[in-house]
Amino acid sequence: MKTTEIFKKHTVLSFEVFPPKRTGAVDTIYSTLEELQKLHPDFISVTYGAGGNENCKATLEIAAAVKNNYHIESVAHLPCIGLSKEDVLSQIRHFKEAGIENILALRGDIPKDGEMSGDFRYAGELIAFIRERCSFNVIAACYPEGHTESETIAADIRNLKTKVDAGADQLITQLFFDNDYFYRFRERCSLAGIHVPIQAGIMPVVNKKQIERMVSLCGVHLPRKFTAMMERYEHNPEAMRDAGIAYAADQIIDLTAQGVDGIHLYTMNNPYIAAKIYEAVHRVLAA
């Protein structure tokens, strides 16, 4: 099933997992998937990180298992930096053979030397290439606080409109910790004529190093409520974990109350945290 169809039925809940970093350790992800399956997600996306062809194989293997072994819709990430058109055609052929119908089309990280190789420079080019040749459901990334490389929020919205016009069927946001940024972003999208489903990407933060890394990579705003939590519990790992779970659950409850199309939870391959957030949110929404 194409995941865009699910938005017509209810508020979507999905999870993201990533392939284990060690070569030959893909099997370790299956216990995580078994636990996540119990939470009945609408789909699970599988990232494509560093590692070249080997990581690509891991993404395909895990996404295929999600779909065929766990009977959950799967989304395979596909960053285009460094790929030729032939590489992309090969990849999507493998996805199709595995029964995968959904692709998260990304640009990917620019190499540290700044040299961009391959036939694609932007995600919009990859989206258009896939759309012209295949019937996949194509998902794109978006940034409530603006992409770090965009000069202004307005410029970033224009770039996003280009991706949607190229054929993106739905959007998943980068993580954020202040829901007001998401609500303003959603309004800007509507004004720009972007009317595809937008899922809010939520990442539960369970340690200070994690958030410091996220801020350096993504430039996200940290509201006072969040920083107070970090300062109070940074030396108490268990309390920090529980506070991070509570914060993410509060975000999701508020977003749901405001009519969000869906929630995409960045699980960091930690099913315990995903389960605790699910329980907290379900308890409130079912009351």
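I started with helix 4 (residues 123–133), which lies across strand 3, strand 4 and strand 5 and runs at about 150° to strand 4. For contact I took heavy atoms within 4.5 Å. Axes are lines fitted to C-alpha atoms, for helices over the stretch in contact, and angles run from 0 to 180 degrees between N-to-C directions. Helices (H or I, at least four residues) and strands (E, at least two) are DSSP runs, numbered from the N terminus.

A note on the source: this is a predicted model, where local features need pLDDT of at least 70, side-chain atom pairs count only at pLDDT 80 or more, and totals for chains, interfaces and linings use all residues. Residues are numbered from 1 along each chain as its sequence is written, and side-chain values use heavy atoms, with hydrogens and water left out.

Next I looked at helix 3 (residues 85–97), which lies across strand 3 (73–79) and strand 4, at about 170° to strand 3.

Then the overall strand order. I found a closed barrel of eight strands, 1-2-3-4-5-6-7-8, with parallel pairing. From one strand to the next, the twist averages 25°. Two strands count as paired if DSSP finds at least two bridges between them.

I zoomed in on strand 5 (residues 137–142), which runs parallel to strand 4 (residues 102–106) and is joined to it by four bridges. I103 has V138 as its bridge partner, and A105 has A140. On to strand 6 (residues 170–173): four bridges join it to strand 5, again parallel. Here A140 stands opposite L171. The chain gets from strand 5 to strand 6 through helix 5 (residues 153–166), in a right-handed β-α-β crossover. Right-handed is to say that, with the strands pointing away from the viewer, the path from the first strand over the helix to the second runs clockwise.

Is strand 5 covered on one face or both? Both: N137, I139 and A141 are buried on one side, V138, A140 and C142 on the other. Buried is under 20% relative accessible area, exposed over 50%, partly exposed in between (1.4 Å probe, protein chains only).

Last entry: A246, in helix 9 (residues 237–257). I have A246 as partly exposed because its relative accessible area is 37%. Its C-alpha is 19 Å from that of F182, 64 residues apart along the chain.
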